[in-house]
Amino acid sequence: MSAKVNEKTRKRSSLDKSIDLGMDQFGRFVKLRWIWILIVSIVLWYLISNLVPLVGSFSAGSVLFYVFQIMFAFLFGIMQFVAIFWFLGRPRLYWVMPGETGVTFDDYKGNPEVLESARRIVALLSGIKEFEAMGGSPIRGMLLSGPPGTGKSYLAQCMSTEAGVPFAYASAASFRAMFIGMDILMIRNLYNKARRLAREYGGCVIFMDEIDAIGGSRGGNNSALGGGMMGMLGAGTGGLNQLLMEMDPPNIETGWFKKVLRTLGLSHGRVQKQPVLTIGATNIPESLDTALLRPGRFDRVIRVAPPTDKYRPEVIEYYLQKIKYDPKVSITALSQRMVNYTPVAIKHVINEAVIIAHFEGREAVTYRDLVEAQDVHEFGLRQLAELTPIERRRLAYHEAGHAVACYYLMDRHFPAFVTLHKHGDLEGAAAFAAWRQKETVITNSKEDVLARIQVSLASRAAEELFLNVNLNGVTGDFASATQLAAAYVGAYGMDGTLTSYLAFASGLTGASPMNLPKMADRVEAVLQSQFRGVKRLFQEHSEAVIAVAEALIERDELVAEEIKQLIDEADARRVAKQVLTEFEPLLGAGSNGYALPSGRSSGNGNGSSNVPLDTSRLNFETGESGLFPFSPEVDGSIQPFQNPDGLLGDEPYM
């Protein structure tokens, strides 16, 4: 019995509290909105006391006419403001509904660690209720930073598709409006719509590309632009402040119907936050405001880097599968050529190769098309040079020196390209040789640094040994070699000293190698020793330098496979010549009556044979004949060797 009494008392108490709460809300509404109640009362009193008695003197048509005029004037004034704000307040914004992007996590290649982080965030978006039931708070922001073309916006689209929620692609620069306050309005409208869609679909993703356009630090130069004339034109930090509030909002109601009810005091309850995920992308994360990077706004900061050596082949294979290509194309060889390439750069090179193949009348892309497309991508369009014979020979031996030295000295690189023509992206270079990395290079040993110095000095060594001249085109080579030698002595500690000139940086001049005692003499000693070393290399492999230089004179340009073939064949001839020299005493034994391999004997008595050695049967590629690794010339010209795995570059040289 007492339990029933207690229950009735508790219900009555709850009803009393509800009534009291309603009265309090109504009283609070009257207290806060009394001025509006007074104005509405005066307007109603005026209409009732003055206009109602006159209604009888007007016809129904005239009343409707005046009502229509009033409504037209009212709507015309509203439409003017709406049009102005519509034109001025439109950011560069695209809404993509679930399933419209067409890309999923299966299409994202090259960064499995980044992909795993994205999968977890999508899982939280999809199961937000279960996650919140555990006491967790939804992730509100994720910042993707990294070089251009690494796939930041592509990853955001994949996340939107996988989560099954609306996706908004916004250019942050479009929020910079001409008039003050417009950027605030645009950002507020964006998040209001995102929250409405989040209520419908269970979540929403907003992707802001180049977010540093509005998220720059307020402590830098941006704050100085906020006042004066620039502030009047909307160049202040109002947009950033609004973005900070929208990413971490207070408990406010976003639905218009509930807003009206709350304003009238007819609704009161706990506000539910909608799961809106903001993904920002930038190339310069260090320029962002610290308030934007704190937890609660951008909870996750993910660095998106170009694919590593391990995952680059799968990116290349993914884009190759979208085109028709020769099955003989080596993905391993392409991966070696495209070290540090972003997915967008890989896609661009493959598409350029399709263009080259199309205009040359082929239905499938070949390896040579991909090589040519990459060279155009890195060096620009070729500009044909009209060179005199003497200039062609000088430039050819200059650049051949770089290419041959790179081939023998730089184990982790390969000579990729050498040309006698100018290229659009290398202004000032009449000719150049370039190399590329075979793999990602992070550290360099003492031998690697010395090899780079020798490659830089190889041009002067080739000029002196093969042309007997000193040319003025070595200025850039000498500068590069001197910088490396100075670092070798005074920064890397590879010359037996631990003193670094970087510790003596001062003022505007910065760190100067000349701050160390006898620095110039020590650098010169390193340069001279490496110059002698590369000269010895060319004396030993003179056939290779001559072969590359003469082929360059004839063809104007050589790619990696051609350079490798020329050097290998020159080495084969050198070895064959050396072996023949060693066998001369045996061949000359025919004068004593010994039979030669041909079954004939030599009767001249001077150690030479009348039977010429048949070198046409000696094949280095197949290994037949077993003695001399030699591939003959055909019709007096060296034939190109189609071997996509023979790859070897990086920096242009004068």
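Leucine 75 counts as partly exposed because its relative accessibility is 46%; partly exposed lies between buried, under 20% relative accessible area, and exposed, over 50%, with a 1.4 Å probe and protein chains only. This is a predicted model, where local features need pLDDT of at least 70 and side-chain atom pairs count only at pLDDT 80 or more, while totals for chains, interfaces and linings use all residues. Residues are numbered from 1 along each chain as its sequence is written, and side-chain values use heavy atoms, without hydrogens and water.

Leucine 75 sits in helix α3, residues 60-88. Helices (H or I, at least four residues) and strands (E, at least two) are DSSP runs, numbered from the N terminus.

Next, the sheets. Six strands make an open sheet in the order β1-β3-β4-β5-β2-β6, and the pairing is mixed. Two strands pair if DSSP finds at least two bridges between them. β1 (93-96) and β6 (300-303) are at the edges with a single partner strand each, so one side of each has no neighbour in the sheet. Strand β2, residues 141-145, pairs with β6 in the parallel sense over four bridges. There, leucine 143 is opposite valine 301 of β6.

Another open sheet has three strands, ordered β10-β8-β11, with antiparallel pairing. Its edges are β10 (432-437) and β11 (557-559); each has a single partner strand, so one side of each is left without a neighbour in the sheet. β8, residues 413-419, joins β11 through three antiparallel bridges. Threonine 419 has glutamate 557 in β11 as its bridge partner.
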